[in-house]
Amino acid sequence: MNPRLPFLQRKTAVLTTSPGVYIMKNAQEKIIYIGKAKNLRNRVTSYFRDHPDHTPKTAKMVSQVYDYDFIVTASEYEALVLECSLIKQHKPPYNILLKDDKGYHYIRISSAPYPRITAEVRADEDGTYLGPYMSGFTTKQTVNTVNKMFQLPTCTRSFPEQFGRQRPCLNYHIGQCMGVCKGNISREMYMEAINDALHFIRSGGDHTITALESRMYAAADRLDFEEAARLRDRIAAIQKAGEKQDIMDAVTMDTDVVGTASANDTVAVAVLMYRGGRLYDQNSFTIPADAFSEQPLDEFLPQYYSTKNGSDLPKTILTEYMPTEHALLEQMLTEHAGRKVALEVPVRGARHRLLMMAKHNAGEKLSLQQGRTSRELLALEELARALGIEKPPLRIESYDISNLASSSMVAGMVVFENGRPLKSAYRRFSIKEQQQNDYAAMQEVIRRRFHEYHLAQQETDEKKKALNSFAVLPDLILLDGGNTHVAVIAPILEEMHLHIPLFGMVKDQKHRTRAIAAGGSEIAVRDKEAAFALLTRIQDEVHRYAITYMKTKHKKSSYELILTKIPGIGDKKAKKLLLAFKTKEQLRSAEPEQLARVAGVNLETGKALFDIIQSEYL
């Protein structure tokens, strides 16, 4: 039994569900096992269950795990490549002991007259086999690619026995199958496609394109334009399949990607190292924010790269913003490496996706410390950058007005702390100046809320102050409304000497967050996925909270009107009854004597109250 199991279980509970690689370490911080996962949380959790069903070798490995690290990747395939790279570097002992849980995989070309290309885990049937391969994922991906690229059939029909017996399937109609089932594809033409597919698997796209181009030109010279067009389409399919990988290889040939995340005065930095077009390794750091004088990267980058050998420096370093003295830093790194080292800030495309992956890794490291998900941390950071706020807003207050034809006019205040609702701090306001004016109502609410703040500061009892949510100032105020709402509230904050960032949440016709209102202009946030999701959630929550209170109050007002129909029951006595019996069910269960006693009336009036409460009106 591993005594560290409770710690490992708590750590794994907040682990990301993204694909990636996990790195098990013993008490001496030596790497003892490296594995990949499609879902990191699920896979790592399987090791640390209270009653796991492990093999003896796995159980022995788990008993020695003191801690683990992880690297988030963009796909399961990238996790596989990284796993292989890290195993070659570190040679963990248990990767040799436990290797028997990974089988071999093959690509099979059947021996039928019209052979099929399939992925197999055994080589015990007739046919020709390519392999073995260590990765089942790569094997299946390759087979799927060549079958689509060369329009080979993947159905269960047998040819030529079933020529013309059934209509072609969907794959034929969407251009992913040549339609052998129709009976108009000769065996020679089919075998040509099979041989081209095998050439592609063995030699790669470039060699295959060269060979196909020679045949295409030869067909054109002999005026066989139908054959030339078919070969042209096959070349185009191969080129299209290779475009995305070519872009990624060019981007990641020799690149470091540096991402950061911050929360609660802590900064996490993740460095993803790409070499030869593949994710090779990763470094991560968590540092107190006060260790940096200005922007974290201004000090982190020189310190980090000055400790490395010049030959280990990449050609390109991707960062989320350009350091203040980037020209001097580039010069220093170039001299250290003996070749050009460039800093870049990607804003779109493949490079930007890599940067977001680095930020995701940094956020995951930080989330283990903060008890928050990386998405929540990223949302607050994105929101701060979009709004021009110096630090991520850890406490956000949002306000909305709700009314029904100027009656039951109310407001709701919701609080989000560290990106999550803090329901204990929610507050409701019944508007005293009942008029059809949302702006005046919002002014009243803000005055009342921050008047309570000033009163709380005068409180000498620190225990009472700590329990009063009004005693805490928010880092950000969001109003459910546009620039006009912001314009009428900003002077109140100035008047009360409060310097709190103030913005409005602008809705579209479907009541969804469209933009942020700020100083007479609007800030688009739809392109900032995590921040946009957080804003939408806040706006939905404050609207729900305000309208629920409005409906409750309106319903109570209706009850009061019904109760005042009884002679001797006025507004004050009706309110006394509703305060004593807070729900409809409590009112219905009250006896006439109880009703009379609470309202301060005689028993006859109590019986009249009892009758109307039991009637269909309530």
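Predicted model: local features only at pLDDT ≥ 70, side-chain atom pairs only at ≥ 80, totals over all residues.
Figure 1. The side chain of Thr-324 makes a polar contact of 2.6 Å with the side chain of Asp-298. Leu-297 is 27 residues from Thr-324 in sequence, and the two C-alpha atoms are 8.9 Å apart in space.

**Figure 2. Arg-395, a buried residue in strand S12.** Arg-395 belongs to strand S12, which covers residues 395-404. The relative accessible area of Arg-395 is 8%, and the residue is buried.

**Figure 3. Helix H4, residues 76-90.** Helix H4 has 15 residues. From the first C-alpha to the last, H4 reaches 21 Å, close to the 21 Å expected at 1.5 Å a residue. The buried residues in H4 include Glu-78, Ala-79, Leu-80 and Leu-82. Glu-83, Ser-85 and Leu-86 are also buried in H4. Lys-91 follows the helix and has a positive phi, near 50°.

**Figure 4. Helix H17, residues 483-495, and its cover.** Helix H17 has 13 residues and spans 19 Å from its first C-alpha to its last, close to the 18 Å expected at 1.5 Å a residue. Buried in H17 are His-485, Val-486, Ile-489, Ile-492 and Leu-493. An α-helix has 3.6 residues a turn, so residues three or four places apart point the same way. The cover over the buried residues of H17 includes helix H15 (438-457) and strand S16 (476-479). Strands S17 (502-507) and S18 (513-518) are also among the elements that cover them. Just after H17, His-497 takes a positive phi of about 60°.

**Figure 5. The protein chain around these views.** The protein chain contains 22 helices and 19 strands. Of its 618 residues, 44% count as buried. Among contacts in the chain with a separation of 6 or more, 60% come from residues 24 or more positions apart. The chain exposes about 32400 Å², of which carbon and sulfur atoms supply 51%.

How values were computed. Residues numbered from 1 in each chain as written. Heavy atoms only, no water. Polar contact = N/O pair within 3.5 Å; in protein donor to acceptor, adjacent residues only side chain to side chain. Helix = DSSP H or I, 4+ residues; strand = E, 2+ residues; numbered from the N terminus. Expected span 1.5 Å × (residues − 1). Buried < 20%, exposed > 50% of the residue type's maximum accessible area, 1.4 Å probe, protein only. Contact = heavy atoms within 4.5 Å. Areas by Shrake-Rupley, 256 points an atom, 1.4 Å probe, with all protein chains shown as cover.
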